[in-house]
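Hi,

Here is the structure I promised to pass on. Have a look, and then read my notes below.

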Amino acid sequence: PFGFFGNPDQGNGRQKRRVQTPKKEATGSGVIISPDGYIVTNNHVVNGADELTVTLNDNREYSARIIGTDPNTDLALIKVNGKNLPTLPIGDSDNLKVGEWVLAVGNPYNLSSTVTAGIVSAKARSMGGEGSNGPQISSFIQTDAAINPGNSGGALVNAKGELVGINAMLYSQTGSYSGYGFAIPTTIMVKVVDDLKK
């Protein structure tokens with residue numbers, strides 16, 4: 001008399017079930033590198049996404065598609081159909097000096113257009129490595145500018161307003177900022193973007 005949830009089909013022993021999985025959403029940041037809509041972000045921001053929506057600071061929204069990803073450097077190149085989009089000039093991260101001021105720009109904790117300031121704490125910092133799930137590069141820019149979840153893929157900018165890195169990760173035992181953030185230098189980003197465009 002009680003049966004199963006979903007009322008199984010009585011005569012043939014089969015049951016009909018409708019399984020609905022909740023929609024998962026994640027946020028991250030990105031940097032527009034060309035007026036026609038190429039955007040750099042982290043691979044871990046777009047990995048596994050069924051659809052991508054890019055929202056600009058002025059609340060314009062675009063659907064985006066993945067052009068290519070490079071899990072080894074944790075970089076991804078995506079594209080929106082746009083024209084005359086605002087871009088950042090790309091600086092040479094090799095010219096950065098330890099102690100130089102930098103700004104981390106992104107959307108931590110869904111707080112749009114957040115900017116934090118700090119200095120370059122170290123260069124060519126190695127993180128990840130064998131057996132790690134993180135990027136396998138050994139030349140991160142270390143900064144004490146606050147980088148939190150949601151900042152991934154955002155810009156690390158020098159005092160001239162040039163892009164010098166793509167914010168990638170934070171080092172923390174709590175999951176929140178504790179003084180150490182890491183960015184992928186533009187010298188690596190430029191090479192990866194060129195490869196992904198081919």
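This is a predicted model: local features need pLDDT of at least 70, side-chain atom pairs count only at pLDDT 80 or more; totals for chains, interfaces and linings use all residues.

Residues are numbered from 1 along each chain as its sequence is written, and side-chain values use heavy atoms, leaving out hydrogens and water.

The protein chain has 2 helices and 11 strands (DSSP runs numbered from the N terminus: H or I of at least four residues for helices, E of at least two for strands). Along the sequence they follow the pattern β-β-α-β-β-β-β-β-β-β-β-β-α. Of the chain's 198 residues, 40% count as buried (under 20% relative accessible area, 1.4 Å probe, protein chains only).

Now to the largest pocket, with a volume of about 1,600 Å³. A pocket here is an open set of points on a 1 Å grid over the protein atoms alone, where a 1.4 Å probe fits, with protein on both sides within 12 Å along at least five of seven lines; lining residues have an atom within 4 Å of a point. The volume is the space filled by probe spheres set on the points, which are joined across faces, edges and corners.

Of the 43 lining residues, Gly 28, Ser 29, Thr 53, Val 54 and Thr 55 are the closest to the pocket's centre. β3 (52-55) is one of the elements that supply at least two lining residues, and the largest share, 4 residues, comes from β3.

Best wishes

Methods: Buried means under 20% relative accessible area, exposed over 50%, partly exposed in between (1.4 Å probe, protein chains only).
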